[in-house]
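Hi,

Here is the structure I promised to pass on. Have a look at it first, and then read on for what turned up in it.

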Amino acid sequence: MKIAVLPGDGIGTEIVAEAVKVLKVLGLKFDMETALVGGAAYDAHGHPLPEATLKLAMDSDAVLFGAVGDWKYDKLDRPLRPEQAILGLRKNMGLFANFRPAICYEQLVGASSLKPELISGLDILIIRELTGDIYFGQPRGRRVATDGHFPGAEEAFDTMRYSKPEIERIAHVAFQAALKRKAAGKEGRVTSVDKANVLETFQFWKDVVSEVGKEYPDIALDHMYVDNAAMQLVKEPKRFDVVVTGNMFGDILSDEASMLTGSIGMLPSASLNSKNQGLFEPSHGSAPDIAGKGIANPLATILSAAMMLRFSLNQEAAAQRIEAAVQKVLAQGLRTGDIFSAGTTKVSTREMGDAVVKALG
Ligand code: NAD
């Protein structure tokens, strides 16, 4: 089981160290190799995704990723910015399906800005398509930018596109996920989010998802416009089971959903290709505002490592052990600053990692 460990920038190094610590005490044999990515790689090698890092990722069963980015790189031309490393990894590894579970831990119900009754027991899954949409359409690469901006320009544009095979494969992923969740007692519903009332691309998306849906008679399918979905996520989030959507809407909705659960510091994610090789990372960024202070919440990264064991390394039992250990430390009242509330005990990044290791038993 070969794991490429790419901590990246900001809090990335701090939180990945805790996840690695947890992986090391599971009693499993991993071949873990670390490499630079993002701004750290740009500083050392002049590129956010050096060839050696990409090769390591491609040759591994899974990538454990921290986060990349810092405002100090905002003046770089777009292809050299740290965030491009993620797009490069997704593209080269063929990672097309992004899974973001939004689960509200009972102990953290009070940390959400929503009323407890709205989010208590919340367990939804947002699936975002990663390879198409406006992020990869024309005119990528045809820009003439200075310092990442367009002095004197009168307009700028990006083109939204999706191919039928791209929509079909993400739709199958969503229906399959809904089947698995139904087997585990969930509702068995896919909500496809689009903007078919305005965008041709998303009328096409809706038609193709409906066609695929006919192959899954046991799963209910409904369609929702993205503006309504954004509203329903905060009005009645438990109405959803599996949500599937395109790259841009998924980017926005999954961040919105993450806040339902209290803190973005709690939310893992997985990006998979058709061979179940994957990149696993917390849903948040590099948090430059708190980097180096030892206060970041490492649980999203530790839970991402659990997803890695489940999806790419076929170690379901170990994944469940980690998830149970996280529940246990929350039940013990241990909290990093982002999820702290009166009556709980504030701990550092490292103390939280140590507590998870201890809770593994
Ligand atoms: P962010 O997610 O880094 O931070 C948003 C807020 O959440 C900040 O206040 C931060 O302190 C807090 N936060 C995030 N993770 C936390 C954690 N584990 N524990 C406690 N608090 C946490 O988003 P941002 O500030 O908009 O972006 C910062 C940089 O990260 C930018 O350069 C951005 O491009 C990059 N970014 C990278 C990724 C990625 O690597 N996948 C994703 C999003 C943003």
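Which elements each supply at least two residues of the lining of the largest cavity? They are β4 and α9 (247–260), where helices (H or I, at least four residues) and strands (E, at least two) are DSSP runs numbered from the N terminus.

Before the details, a word on the basis. This is a predicted model, in which local features need pLDDT of at least 70 and side-chain atom pairs count only at pLDDT 80 or more, while totals for chains, interfaces and linings use all residues. Residues are numbered from 1 along each chain as its sequence is written, and side-chain values use heavy atoms, with hydrogens and water left out.

Back to the cavity. On a 1 Å grid over the protein atoms alone, a cavity is a set of points where a 1.4 Å probe fits but cannot get out; a pocket is an open set with protein on both sides within 12 Å along at least five of seven lines; and lining residues have an atom within 4 Å of a point. Points are joined across faces, edges and corners, and a volume is the space filled by probe spheres set on them. The whole structure has one cavity of 30 Å³ or more, and the largest cavity holds about 30 Å³ of space. Its lining consists of R100, P101, A102, S254, A257, S258, L267 and S283. By class, that is four nonpolar, three polar and one charged residues (nonpolar: Ala, Val, Leu, Ile, Met, Phe, Trp, Tyr, Cys and Pro; charged: Asp, Glu, Lys and Arg; polar: the others, Gly among them).

Next, the largest pocket, with a volume of about 910 Å³. It is lined by 31 residues, of which P101, I103, R181, R310 and F311 are the closest to its centre. Two or more lining residues come from each of β4 (97–103), β5 (123–129), α6, β9 (268–272), α10 (299–311) and α11 (316–331), and α6 gives the largest share, five residues. The lining has 19 nonpolar, six polar and six charged residues. Domain 1 (1–96 + 274–361) and domain 2 (99–272) both contribute to it, so the pocket lies between them; the domain bounds come from an automatic or database assignment.

F175 and Y216 form a stacked pair, because their ring centres are 4.9 Å apart and their planes at 10 degrees. This pair links distant parts of the chain, 41 residues apart: F175 is in helix α6 (residues 164–183), and Y216 is in the loop between α7 (200–213) and β7 (220–225). F175 is buried at 0% relative accessibility, and Y216 is buried at 9% (buried is under 20% relative accessible area, exposed over 50%, partly exposed in between, with a 1.4 Å probe and protein chains only). Ring pairs also join Y162, F202, W205 and F249 into a cluster.

Two charges sit over rings (NZ of Lys or CZ of Arg within 6 Å of the ring centre and within 35 degrees of the ring normal): R169 lies over the face of F96, at 4.1 Å from the ring centre, and K346 over that of F340, at 4.9 Å.

D133, in the loop between β5 and α6, has a positive phi of about 75 degrees without being a glycine, and D133 is buried at 1% relative accessibility. N314, in the loop between α10 and α11, is also not a glycine and has a positive phi of about 60 degrees, but N314 is exposed at 71%.

Best wishes

Technical notes: Phe/Tyr/Trp six-rings, centres within 6.5 Å; stacked < 30°, edge-to-face > 60°.
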